[in-house]
Amino acid sequence: MFFPFFLSVIQKQNQLYKDFEREAIPHMDALYNFAFKMTGDSDDANDLVQETYMRAFRFFDKFENGTNCKAWLFRIMKNTFINVYRKESKSPEKVDYEEIENFYENIKASNTDDAHLEKDIYDNLLDDELTKAISTLPEDFRTVILLCDIEGFTYEEIADFVDAPVGTVRSRLHRARKMLFTKLHSYAIDKGYLTKDLI
Amino acid sequence: MQLYNENNELITALVDRELPADVESDLLIKIKSNADLLYDYKVQLLIKKIVKGCVFRKTPAALKHQIINQIQTEREKKNSNFDFIYGIFRRPIYAFGSALAVITAIILLLFNPIQQNSGYNFGLEQRGQDNMFVQARGNFQSLLNGKLAPQITTTDAEEIKTFFETEGVKYKIIIPEIENYSLVGGVVSDEQSEKLAHHVYADNEGHLIYLFQVDESYLAKNGILKISDTLHSYLERGNCFTFSDSGVSTLMTKKGNNIFAIVSNVTKKKLESQFCNI
């Protein structure tokens, strides 16, 4: 009676591995891309993805078949990020949103046309500059913008991910895009893609 | 300004297609008529496009390989835990444990004597053309199909025994008497130059009972026939194993030095009642 029992346990483990390979491995690129943009560093992204996958494999028997595996993996990554990386950060980021809002209003007021809103101008920015701009956003804002604009998560999925109401997600997204706009606008001026004449 | 404050976050939801259709069309009208809202709308659209278009960082191949390897190792570690327990039962160094298990099993058997099946289907373990159980079932089907005919036709047990002896069967043959059944005849087959005895009974209702018997030594390791070790041990303990499939019943038992494989188109119970005390 022992042999069939152990055999069945091993078979179950093997099946679990096959399911993991089928369900979880294909999302690795999405997780890596998110990790890279969250941490802004390839070594940190490597560690984060690695740790996420090891945790996911250990707890894969808890994953409900037929549910959203990508969202499940992102939740694990978020928890890993909080447990591992947030411990290392010295203090929570403080955002002087009023200052950003003033800066935003100044840009708006000093431009008489929409030339500074042309995407082509910002296409000149290097990907590293864009990644740097995203990675300097406060974590809460960075998370929602990446999940929404890169991963295509719905507000409800993001709300579930960040444990906040949908209204908060919408508000953070609104502010995150404004913050990013002010940063990219400054980069574009620094690099000479936007002339002072336009300001 | 009031209008702007009420609607600026709704613009974000509009850009993300998260608004119901009616709210969306109302908001679009407001945006067209308000420069501040329009500016906000353009900024939100612009940033969404820029972020969406930024380079997608694929997992470096080395990292992917490393993760898959780590998972594979983790999996093997999990399996090896079970392999270890599995292996315990087969290692000589755990002889004491094995002995204890055997003693426990004997005690259990003494208090729970099993005469028929223990519930375990030994039939599933019987494979291969040199398996006695498989051969017996195959021969019975051949008898039913008319592909196998008795080499001697007689109702006399002594005559069949003499036939077996003269045909070269080396072991002592047992031909039990079965109530309401008459002997039909016998066949001697050749397996690696060893002669094997088979005989058949029939009743008046079209039932056949085919009996194949060999000396136990023929089933020894590297013998000319085989049955699974577990079934062999089961029969050694004086048990009967019965198996029924597609209207054909098979019974295996041991009497004296002979192992019997009996196949019939009667019920399993009928076979048990006839042969478990032969």
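Leaving aside neighbours within four places in sequence, Ala45(A) is in contact with Tyr32(A), Ala35(A), Phe36(A) and Thr39(A). The model in which these contacts are found is a predicted one. Ala45(A) belongs to helix 3 of chain A, which covers residues 42–58.

Is Ala45(A) buried or exposed? Ala45(A) has 23 other C-beta atoms within 10 Å. A residue counts as buried when that number is 20 or more, so Ala45(A) is buried.

The next step is from chain A to its contact with chain B. Chain A brings 40 residues to this contact, and chain B brings 37 residues. On the side of chain B that touches chain A, the elements giving two or more residues are helix 1 (2–15), helix 3 and helix 4 (61–88) of chain B. The largest share of that side, 13 residues, is from helix 4 of chain B. Sorted by class, the side of chain B that touches chain A consists of 17 nonpolar, 13 charged and 7 polar residues.

An α-helix has 3.6 residues a turn, so residues three or four places apart point the same way.

Further along chain B, the account turns to strands. Strand 4 of chain B, residues 208–215, is mostly covered, with 7 of its 8 residues buried. Which strands does strand 4 of chain B pair with? Strand 3 (residues 194–202) of chain B is joined to strand 4 of chain B by 6 bridges, and the two run antiparallel. Within this pair, Tyr201(B) has Ile209(B), in strand 4 of chain B, as its bridge partner. The hairpin of these two strands has 5 residues between the strands, and Gly206(B) takes a positive phi near 85 degrees there.

Strand 4 of chain B is also joined to strand 7 (residues 258–264) of chain B, by 7 bridges, and this pair too runs antiparallel. Here the bridge partner of Gln213(B) is Phe260(B), in strand 7 of chain B. In a regular strand the side chains alternate between the two faces of the sheet.

Conventions. Residues are numbered from 1 along each chain as its sequence is written. Chains are lettered from A and ligands numbered from 1 in the order in which they are written. This is a predicted model: local features need pLDDT of at least 70, side-chain atom pairs count only at pLDDT 80 or more; totals for chains, interfaces and linings use all residues. Two residues are in contact if their C-beta atoms, placed from the backbone, lie within 7 Å. Helices (H or I, at least four residues) and strands (E, at least two) are DSSP runs, numbered from the N terminus. Ala, Val, Leu, Ile, Met, Phe, Trp, Tyr, Cys and Pro count as nonpolar, Asp, Glu, Lys and Arg as charged, and the others, Gly among them, as polar. A residue is buried if 20 or more other C-beta atoms lie within 10 Å of its own, exposed if 12 or fewer, and partly exposed in between; C-beta atoms are placed from the backbone. Two strands pair if DSSP finds at least two bridges between them.
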